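This briefing goes through a few local features of one protein model. Keep the sequence and the structure open while reading.

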Amino acid sequence: MRTRDAITRASARLDAAGVASPRVDAEILAASVLGVARGRLAVDAAFTAEQLRDFDRLVARRTAREPLQHLTGTAGFRHLDLRVGTGVFVPRPETELLAGWGIAAARAAGTAPIVVDLCSGSGAIALSVAQEAPGARVWAVERSPGALRWLRRNATDRAAAGDPLIAVVAADVTAPRLLDELVDAVDVLLCNPPYVPDGTPVPPEVLDHDPTGTVGGGPAGRASVRPVVARATALLRPGAVIGIEHDETQADAVRAVFAHAARFEAVELHRDLAGRPRYTTARKSAHTGPWQTG
């Protein structure tokens with residue numbers, strides 16, 4: 001069967017199953033089976049019988065709403081192709097904005113800045129900073145054993161490709177002495193914590209396949225924010241910066257957490273490409289008394 005006919009047939013099946021981007025997903029799966037880039041799919045090429053069976057099996061799994069990235073084994077993030085699968089949260093495109101901000105902040109911090117990525121998951125943010133901010137020393141912190149396996153695998157892959165090594169730390173962000181060796185030394189702290197409020201409707205790809213604890217952030221969706229900001233208060237040097245991704249409904253609450261910490265200034269909300277509140281940044285002040293955010 002010609003690839004274009006198989007893709008058209010698969011697209012109809014995916015569309016009927018409620019997949020948001022049926023044609024794109026069908027083309028990506030076809031390219032994966034053929035071992036070529038999606039842009040190199042030839043309209044007059046044909047699947048072998050074995051390739052067609054493999055393609056149909058993948059399409060069937062996608063119609064069951066298994067994440068596309070689990071089927072291909074990789075997720076694109078900025079300039080990286082990261083390995084993902086069962087046990088780790090699939091990085092989302094909107095998080096590239098926080099990573100970009102962190103990369104710019106690390107570049108501006110001078111020689112050999114120290115960067116910490118909390119709730120690192122697959123390592124998307126940490127590895128992007130290591131790749132795009134030359135000289136940065138990066139720590140990636142993750143508590144989940146399942147996610148740690150993918151994080152370490154991705155870190156090893158990137159080191160083999162010539163990117164700088166990152167330090168992988170198995171720990172919870174609530175640990176009271178987390179990264180004590182970096183107290184008052186960190187230049188940039190980044191975090192994409194679980195932040196979807198409990199009970200929020202989510203797609204089957206998230207509900208059935210993203211691991212428990214990587215999406216839900218408690219009743220209000222911000223259970224991790226307060227401990228992250230508290231630890232950042234200890235880790236960041238005066239003048240250093242922090243960025244936290246959050247749900248679009250949580251901007252005021254996150255700002256309030258920074259205000260309560262009383263050590264941050266220049267608290268700023270950043271929006272995603274759709275105009276939704278997406279992440280908040282702040283700078284640790286050298287001021288030691290009560291501080292009001294501006």
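This is a predicted model: local features need pLDDT of at least 70, side-chain atom pairs count only at pLDDT 80 or more; totals for chains, interfaces and linings use all residues.

Which residue in E9 does Glu 265 stand opposite? Glu 265 faces Arg 283 of that strand.

**Strand E9 and its partners**
- Strand E9 spans residues 277–284, and seven of its eight residues are buried, so the strand is largely enclosed by the rest of the structure.
- Strand E8 (residues 264–271) runs antiparallel to E9 and is joined to it by six bridges.
- The hairpin of E8 and E9 has five residues between the strands, and Gly 275 there takes a positive phi near 85 degrees.
- Strand E7 (residues 236–245) is also antiparallel to E9, with five bridges joining the two.
- Glu 245 has Tyr 279 in E9 as its bridge partner.

**Helices H9 and H10**
- H9 (residues 225–235) packs against H10 (residues 251–261) at an angle of about 35 degrees, and the axes are 10 Å apart.
- The crossing of H9 past H10 is right-handed.
- From H9, the residues Val 225, Arg 226, Val 229 and Thr 233 meet Val 254, Val 257, Phe 258, His 260 and Ala 261 of H10.
- By class, this contact of H9 with H10 has six nonpolar residues, two polar and one charged.

**Asn 154**
- Asn 154 lies in helix H7, which covers residues 145–160.
- Its relative accessible area is 2%, so Asn 154 counts as buried, the cut-off being under 20%.
- Beyond its neighbours within four places in sequence, Asn 154 is in contact with Leu 82, Arg 83, Ser 122 and Leu 127.

Terms used: Residues are numbered from 1 along each chain as its sequence is written. Side-chain values use heavy atoms; hydrogens and water are left out. Axes are lines fitted to C-alpha atoms, for helices over the stretch in contact, and angles run from 0 to 180 degrees between N-to-C directions. Helices (H or I, at least four residues) and strands (E, at least two) are DSSP runs, numbered from the N terminus. A crossing is left-handed if the near helix is turned anticlockwise from the far one by less than a right angle, and right-handed if clockwise. Contact means heavy atoms within 4.5 Å. Ala, Val, Leu, Ile, Met, Phe, Trp, Tyr, Cys and Pro count as nonpolar, Asp, Glu, Lys and Arg as charged, and the others, Gly among them, as polar. Buried means under 20% relative accessible area, exposed over 50%, partly exposed in between (1.4 Å probe, protein chains only). Two strands pair if DSSP finds at least two bridges between them.
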